[in-house]
Amino acid sequence: MVVSRWWGLGALAVLALGGCGPEQTRDAVTLLNVSYDPTREFYRDLNAAFERNWLESQGQRVRVLMSHGGSGKQARAVIDGLPADVVTLALAADVDSIANRSGLVIADWRARLPHAAVPFYSSIVFLVRSGNPRRVRDWADLLQPGLQVVMPHPQTSGGARWNYLAAWGAARLDAAGSDVAARVYVQRLLRQVPLFDPSARAATTTFVQRGLGDVLLTWESEAWMAVAAFPEQGLEVVRPGCSIRAEPVVAVVDRLVDHRGSRALAEAYLRFHYSPTGQRLAVRHYFRLFDERAVAAADRDRPGALRTFGLAQQFGSWAQANTTHFAPGGTFDQLTRPASGATW
Amino acid sequence: MRRDEPAWVRWALILFAWVFCGLFLVLPLAAVFGEALRDGWQAYLASVTEPDALAALRLTALTAAVVLPLNLAFGLAAAWCLGKFRFRGRALLTTLIDLPFAVSPITAGLIFVLLFGLHGWLGPWLAEREWRVIFALPGIWLASLFVTCPFVAREVIPLMQEQGCDEELAALTLGANGWQTFWRVTWPNVRWAVLYGAILSNARCMGEFGAVSVVSGHIRGLTNTLPLHVEILYNEYQFSAAFAVASLLSLLALLTLLLKKLLEWRLTRQRQGEPA
Amino acid sequence: MSRQPRTRQLPGFGLTLGSTLLYLSLLVLLPLAALAAKAASLGWRDFLAAAAEPRVLAAYRLTFGAALAAAGVNAVCGTLVAWALARYRFAGRALLDALIDLPFALPTAVSGIALTALYAPNGWLGQQLAPLGVRVAYTPLGVVVALIFIGLPFVVRTLQPAIEELPAEVEEAAAMLGATRWQTLRRVILPAVLPAVLTGFALSFARALGEYGSVVFISGNLPLRTEIASLLILTKLEQYDYAGATAIATTMLAASFVLLLLINGLQAWAVRRGGGEQR
């Protein structure tokens, strides 16, 4: 029968295609790094360097697998069982959530690595269009009538929380510590935002590729990345008068690495972030270092001078900042609630 | 007597059909291929043969290979009991089969997280046995099965219902057993509809985005299907690469349409030829 | 369609019903029960608070509003397209007919990025529309456009057979009784295809309610303005707000279920009215 031959052929084809399955890394040990969104390019370089280093020093082939996404989303996935060996997230609060909600990370994780598990930091800056047509120099310039600010959503993106806190903190410093003034500033700023993308990278895409908005509020590292990736657009990075010290963190997922027996590898991987190679790569990707002596003079201070303030200085702790600003009913919710009933 | 509208109405309608479909169907398709080839053929080939893209392609094919046989088996079983028999609760069961079709894919992903996540109903039990469902292949398969389960059944049920039981009863009376009856009598009547449902379910399975995105964990080279890979590339400023991979999926969609068209032609011929 | 009463003389009823029920229970019912149980564990007050906060209400409004608008556009334009396809022979008809199913076959993520590439301010169509002051991408209009794309085949495919199977005699009789073409259309044809139009509308609406992939790329996800319910479920999930995610998902699920029952009812009505064979 003609038909059954067809079916047989089809079945064979399906088997042949499916039989090979996703390529398993046969001879290599794997390490899964669950990271936030705008670190894709950095980790491509760092992982290659680490894999080389580990092969040379330990004679073992290792393959670092990556999963990227919004910081909060990634933390949620780890809590729900994404088998991460290490997490490298945008917010300490997200690692704390993993520790508190699942116990996968042991609570003292910040004490185990230098600088409270922050291998390098970044800040929040403005990315503007070629020639800075709106003459944006500092935070106050963002409130110009008709100017559109693009930023991701603080409830899903770690970068957006840093954005929000940077704006709040800068306004608060400007008004001699007045939270009322800061609130007014942030409320007006949020009115300039035409859309909230789910993650920092999505916001960059909207701004750069879709041509929406006048200013992108983003990680300093991400802003420079965009400048480099789209030379034809002539994008410019503007450093405001002062901004927040945005500190991504790294942690070993204790319960998982102990179970898998990959602790040594995972810890070595995180320590590699602090090694001269790791620090050099971080600077190449426009992160800022706590200790510039670690890298060659040519690589130092690549992003340029910037006055920064710490989270603790303005907001206490992450727990406090989250409760005040980002929890349901917090300032973000209050400030984005429509004044009148009509929404669209 | 022809029942036609005036010629100008006819032409206006035809023109409208083309413009509307051109605007909403052809143009998006053209955009995919246009953007994919923006950086030239070499860049195109490089982005579709890159290891992560190939791994995604293999995973998508594997998923289809797992999902399709199960869908076929379920579709035939469901069609047999719903198409050939009347029983209490039949309408409810039919609606239940349709349900995944109307559920948001995000909800489809969410329910499997609630069930198999580390803090879900079965999570702790699975964790003890080191069985991974969510963020591993079984989760992707389950989510795909959920969203595709109505397709085969929906195509075959009405056909079985329409054809009734006469032929099967005759075969049974003549001494055939159940399996013989099914394979010799029922199967030839429904095989094209089954294939039709299989093609639709396959297209949906290979293209599923929302549900799989919730349960996949997005591990490059391991749990990334083609549609998820498109999103990843898109988020890495590699737009032409994203559209290149998307164009693969579009080609798959066009192939689906072609097969579907051939089958429809076959089905109408069968209907016109046989039952008379 | 001949339909004799089914007698249970055929073998395999127990086997197939059993396996169908088992499969559905494991794959569909059990997971949905997990959802329902999670929702039930919230308690009424929390459930209402989570399912009816302003941002969620805005998302429902957008989701239902845009789905309704898209289904409406599809019901009208899809009917015209189906009419052209079913009644006329013209160049490229077979091609057009095949293309109608494209949204079924094209992965939603692909349609999402394709529509965004077209309608973004610097996209192919967006550039043309911008001087006219029309913005599609990142506005509710963009959501509607994506949902029109997704829902079109449902209307056309439901209507095509209904139009093809309109009995010719009725129209001829109407014409012979002196009815104008317009009267025939209004009094004879429209009532006959109405059940199919409604079914197509409802199918397209139901599909639009749950759509995710094609919308997220084009909508811009602005809370209270362009954030659809599906995305909000995901957002809540990512904030560990399982209660919120579950509440919204349950509400949407209930809406879908009611719609499905309605569609099945519509189809039964169409069959009773002899509006043609339904799939």
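How many Å separate the centres of domain 1 of chain B and domain 2 of chain B, taken over C-alpha atoms? The separation of those centres is 30 Å.

Residues are numbered from 1 along each chain as its sequence is written, chains are lettered from A and ligands numbered from 1 in the order in which they are written, and side-chain values use heavy atoms, with hydrogens and water left out.

**Stop 1: the two domains of chain B**

Select residues 1-36 of chain B for domain 1, then 40-273 for domain 2. These bounds come from an automatic or database domain assignment. Show the contacts (heavy atoms within 4.5 Å). Six residues of domain 1 of chain B touch nine residues of domain 2 of chain B.

The two domains of chain B bury about 610 Å² between them, and 80% of that is on carbon and sulfur atoms. Buried area here is the accessible area (1.4 Å probe) that two parts lose on being put together, summed over both. Now pick B:V32, B:F33 and B:A36. This trio supplies 68% of the area that domain 1 of chain B buries against domain 2 of chain B, more than any other three residues.

Look for salt bridges (a side-chain nitrogen of Lys or Arg within 4 Å of a carboxyl oxygen of Asp or Glu). Between domain 1 and domain 2 of chain B the count is zero. The side of domain 1 of chain B that touches domain 2 of chain B has five nonpolar residues, no polar and one charged. In this scheme, Ala, Val, Leu, Ile, Met, Phe, Trp, Tyr, Cys and Pro are nonpolar; Asp, Glu, Lys and Arg are charged; the others, Gly among them, are polar.

**Stop 2: chain C against chain B**

Show chain C beside chain B. The contact takes 102 residues from chain C and 95 residues from chain B. About 9,000 Å² is buried between chain C and chain B, with 77% from carbon and sulfur atoms.

How many salt bridges link chain C and chain B? The count is two. Zoom to B:K260 and C:D101: their side chains meet in a salt bridge at 2.4 Å, N to O.

Next, colour helix 1 (residues 13-40) of chain C. Helix 1 gives 19 residues, the largest share of the side of chain C that touches chain B. Helices here are DSSP runs (H or I, at least four residues), numbered from the N terminus. By class, the side of chain C that touches chain B has 71 nonpolar, 18 polar and 13 charged residues.

**Stop 3: confidence along chain C**

Chain C averages 85, and 95% of the residues score at least 70. Then select residues 1-6 of chain C, where the pLDDT is below 50. Where pLDDT is low, the predicted coordinates should not be read in detail.

**Stop 4: chain B against chain A**

Chain B and chain A bury about 3,300 Å², of which carbon and sulfur atoms give 62%. Select B:R58, B:F135 and B:Y237, which supply 21% of the area that chain B buries against chain A, more than any other three residues. The count of salt bridges between chain B and chain A is zero.

**Stop 5**

Chain A splits into domain 1 (29-120 + 247-299) and domain 2 (122-245 + 306-336). Their C-alpha centres lie 25 Å apart. In contact are 18 residues of domain 1 of chain A and 21 residues of domain 2 of chain A. The area buried between these domains of chain A is about 1,700 Å², and carbon and sulfur atoms give 60% of it.

Pick A:E247, A:Y286 and A:R288. They supply 34% of the area that domain 1 of chain A buries against domain 2 of chain A, more than any other three residues. Three salt bridges cross the interface between the two domains of chain A. Last, select A:E41 and A:R201: this pair forms a salt bridge, with the closest N and O atoms 3.1 Å apart.

Key: Helix = DSSP H or I, 4+ residues; strand = E, 2+ residues; numbered from the N terminus. pLDDT = per-residue confidence, 0-100.
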